[in-house]
Amino acid sequence: MIRVNTARIAPEGERLEGEEDSSILELESLPGVPVFSRGPIRYDLNASMVGRDLLVTGSAFVEFETECVTCLARMKVRIGDPAICIHMEKVPEEEVDLTPEIREDILLAVPARFKCSEECRGLCPGCGANLNREKCRCGAKRKKRGALPENDAWSALDGLKF
Ligand SMILES: [Zn+2]
Ligand SMILES: [Zn+2]
């Protein structure tokens, strides 16, 4: 749990820095986002009291390994909120659990799907070739068979001189 004792926060604020088990994010249950491995939640926060209100700012991230939705390449991603801002009104003078808010902030930052790059060309639906690093083999296969009428038409065109 990411906790702060509001009775003990110094006037200049209190820094909360550390790691938290990322199992609370339940990343494995996100639809469409496979998670192969994951690190802890890393947080760096500053808590301060404004009257009886608690103000928490800072950042929290988690790193995990997923795959590109189009080419299925494994990729490490770092997801979180670089500008957390939690404002709780009239908090009691005791320990306050910030975990639910942090959890929510990180989960809101997880996109519905991951792509290794904007230019990812994915896999050919015909031959499964990874079009980012290899050529589609569908054309080659067609040529080998060679007996398709459309191929004859193309070879006839090849013979023409423009
Ligand atoms: Zn990709
Ligand atoms: Zn292909």
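The protein chain of this predicted model averages a pLDDT of 88, and 86% of its residues score at least 70. It holds three helices and six strands, in the order β-β-β-β-β-β-α-α-α from the N terminus on. Four of the strands form an open sheet with antiparallel pairing, and helix α1 lies across three of them, namely β3, β4 and β5.

**Confidence**

- Within the protein chain, β4 has the highest confidence, at a mean of 97, and helix α3 (residues 149–159) the lowest, at a mean of 51.
- Residues 147–153 have a pLDDT below 50, and beyond near neighbours in sequence this stretch makes three contacts in the model.

**Chain as a whole**

- The protein chain has 162 residues, of which 13% are buried.
- Of the contacts between residues at least 6 apart in sequence, 60% join residues at least 24 apart.

**The sheet**

- The strand order is β2-β3-β4-β5, with antiparallel pairing in an open sheet.
- β2 (14–20) and β5 (74–88) are the edge strands; each has a single partner strand, so one side of each is left without a neighbour in the sheet.
- On average, neighbouring strands of this sheet are turned by 10° against each other, direction ignored.

**β3 and β4**

- Strand β3 (residues 37–50) and strand β4 (residues 53–67) run antiparallel and are joined by twelve bridges.
- Among the facing residues, Arg38 stands opposite Phe64 in β4, and Ala47 has Val56 of β4 as its bridge partner.
- The two strands form a hairpin with two residues between them, and Gly51 in the turn has a positive phi of about 65°.
- Val50 belongs to strand β3 and counts as exposed because it has 9 C-beta neighbours inside 10 Å, where the limit for an exposed residue is 12 or fewer.
- Val50 lies 38 residues from Met88 in sequence, with a C-alpha to C-alpha separation of 9.9 Å in space.

**β4 and β5**

- β4 and β5 also run antiparallel, joined by 13 bridges.
- One of the pairings links Glu67 to its bridge partner Arg74 in β5.
- This hairpin has six residues between its strands, and Leu72 in the turn has a positive phi of about 65°.

- Helix α1 (residues 99–109) runs at about 135° to β5 as it lies across β3, β4 and β5.
- The largest nonpolar core has 18 residues, and those that touch the most other members are Tyr43, Val56, Ala60, Val62, Leu98, Ile102 and Ile106.
- At least two residues of this core come from each of β3, β4, β5 and α1.
- β4 gives the largest share of the core, five residues.
- Leaving aside residues up to four places away in sequence, Ala60 touches Ile41, Arg42, Tyr43, Gly80, Asp81, Ile84, Ile102, Asp105 and Ile106.
- Three of these partners, Tyr43, Ile102 and Ile106, are named with Ala60 among the core residues that touch the most other members.
- Val56, which is also in that group, is the bridge partner of Ala47.

Key. Residues are numbered from 1 along each chain as its sequence is written. Chains are lettered from A and ligands numbered from 1 in the order in which they are written. This is a predicted model: local features need pLDDT of at least 70, side-chain atom pairs count only at pLDDT 80 or more; totals for chains, interfaces and linings use all residues. Two strands pair if DSSP finds at least two bridges between them. Axes are lines fitted to C-alpha atoms, for helices over the stretch in contact, and angles run from 0 to 180 degrees between N-to-C directions. Two residues are in contact if their C-beta atoms, placed from the backbone, lie within 7 Å. A residue is buried if 20 or more other C-beta atoms lie within 10 Å of its own, exposed if 12 or fewer, and partly exposed in between; C-beta atoms are placed from the backbone. A nonpolar core is a set of buried Ala, Val, Leu, Ile, Met, Phe, Trp, Tyr and Cys residues joined through C-beta atoms within 7 Å. pLDDT is the predictor's confidence in each residue, from 0 to 100.
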